[in-house]
Amino acid sequence: QQLKVSSHIVHSLPLHQACVLNQTEVVLIDANHCPGSVMFLFKLTNGNVLLHTGDFRATKSIQQCQFLMESHINTVYLDTTYINSRYDFPSQEAVIDFVKDCTLKHLTKNPRTLIVCGAYTIGKEKIFLSIAEMLNCKVFVSKDKKRILDCLESEEILQIIEINDPVLSPLHVLPMNKLNIEVL
């Protein structure tokens with residue numbers, strides 16, 4: 001819907017399961033980047049094995065992926081956006097803990113603080129889910145954002161979403177371009 005791609009040309013494939021398409025075996029491996037992001041492992045008919053990473057977050061689960069461990073990969077198409085050693089990002093867990101600590105600190109000072117999470121079309125779900133769980137609250141999102149979140153088919157997300165009344169939640173998710181003083 002969002003991308004205006006005809007549904008008859010989109011075919012969903014399962015994660016971590018070999019599928020054969022046009023005589024080529026393909027495995028989708030969770031890229032741990034944002035919901036739905038995957039790496040593609042292709043086993044070609046000539047015996048070559050290719051890995052296309054796209055955006056991914058290197059974690060132990062990826063290092064221990066059975067399909068990767070059992071494959072002799074001939075070619076890797078690697079996303080090298082942040083491969084420079086000057087980038088040293090904390091783990092996702094460390095970032096989530098930091099955000100939760102900051103949130104608690106500010107809520108302790110002013111319990112009526114509105115918590116706003118900026119998000120792209122997809123992404124940042126782990127952040128706002130963790131805050132909502134910590135505060136035991138709903139998350140206010142726009143109807144457009146809810147339509148996108150519905151596509152994730154995540155019961156965890158769907159149970160905490162509020163779209164009717166922003167006053168019912170101290171936690172709002174807004175598009176990144178709405179994070180400015182005029183809108184807030």
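1. Arginine 147 and aspartate 144 form a salt bridge, with N and O 2.2 Å apart; the term denotes a side-chain nitrogen of Lys or Arg within 4 Å of a carboxyl oxygen of Asp or Glu. Both residues belong to helix H5 (residues 143–150), where they are three residues apart, about one turn of the helix. Arginine 147 is partly exposed at 43% relative accessibility, and aspartate 144 is partly exposed at 47%. Here buried means under 20% relative accessible area, exposed over 50%, and partly exposed in between (1.4 Å probe, protein chains only).

2. The model is predicted: local features need pLDDT of at least 70, side-chain atom pairs count only at pLDDT 80 or more, and totals for chains, interfaces and linings use all residues. Residues are numbered from 1 along each chain as its sequence is written, and side-chain values use heavy atoms, leaving out hydrogens and water.

3. Helix H5 also holds lysine 146 and aspartate 150, four residues apart, about one turn of the helix. Their side chains meet in a salt bridge of 2.9 Å, N to O. Lysine 146 has a relative accessible area of 22% and is partly exposed; aspartate 150, at 29%, is also partly exposed.

4. A further salt bridge joins lysine 43 to glutamate 25, their closest N and O atoms lying 3.8 Å apart. This pair links distant parts of the chain, 18 residues apart: lysine 43 is in strand E3 (residues 38–43) and glutamate 25 in strand E2 (residues 24–30). Helices (H or I, at least four residues) and strands (E, at least two) are DSSP runs, numbered from the N terminus.

5. The search of the whole structure finds three salt bridges.
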